[in-house]
Amino acid sequence: MSMSRKPCRLCLLQECGEQELFEVIRQRIAAMPPAQKADPELYEHRLSLCKRCEELVSGTCRKCGCYVELRAAKKGGCCPHEHKRW
Ligand code: SF4
């Protein structure tokens, strides 16, 4: 992530101009064993909840420091928020 760029609140990496970083994340998701991957509907549902969360800044969750697009892709992934948003 560029340090000179203003943080993008409520944006995923793929939406905030971090295409190179998103490509790395996309490749890591693609390399996950299928049994460890959330199904596409669950992945999109999780991201839709992150996009409404005040903890999302430039694709990163402020609760845990993870890139949400990677965290949401893991079948056993969970939201670290005290209200467990997903
Ligand atoms: S707290 Fe949960 S819903 Fe909010 S950005 Fe982090 S993972 Fe997403």
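User: Hello! In which segment is the place of Leu10?

Analyst: Leu10 lies in the segment before α1 (19–31). Helices here are DSSP runs of H or I with at least four residues, strands are E runs of at least two, and both are numbered from the N terminus. Residue numbers start from 1 along each chain as its sequence is written. Please keep in mind that this is a predicted model, where local features need pLDDT of at least 70, side-chain atom pairs count only at pLDDT 80 or more, and totals for chains, interfaces and linings use all residues.

User: Why is Leu10 called partly exposed?

Analyst: Leu10 has 15 other C-beta atoms within 10 Å. With C-beta atoms placed from the backbone, 20 or more such neighbours make a residue buried, 12 or fewer make it exposed, and anything in between is partly exposed. The value for Leu10 falls in between, so it is partly exposed. Leu10 also has a positive phi, near 60 degrees, although it is not a glycine.

User: What makes Lys84 count as exposed?

Analyst: Lys84 has 8 C-beta neighbours inside 10 Å, so it meets the limit of 12 or fewer. Lys84 sits in the segment after α3 (68–71), and its phi is positive too, near 40 degrees.

User: How do you know that Leu56 touches Leu10?

Analyst: Two residues are in contact if their C-beta atoms, placed from the backbone, lie within 7 Å. Leaving out residues up to four places away in sequence, Leu56 has Leu10, Cys50, Lys51, Cys61 and Val68 as partners.

User: What makes a set of residues the largest nonpolar core here?

Analyst: A nonpolar core consists of buried Ala, Val, Leu, Ile, Met, Phe, Trp, Tyr and Cys residues joined through C-beta atoms within 7 Å. The largest such set has 10 residues, including Leu56, Cys50, Val68 and Tyr67. In soluble globular proteins, nonpolar side chains tend to be buried together.

User: Why does the radius of gyration agree with a compact globule?

Analyst: The rule is 2.2 Å times the number of residues to the power 0.38, with the radius taken over C-alpha atoms. For 86 residues a compact globule would be near 12 Å, and the protein chain has 12 Å, so the two agree. Within that chain, 21% of the residues count as buried.
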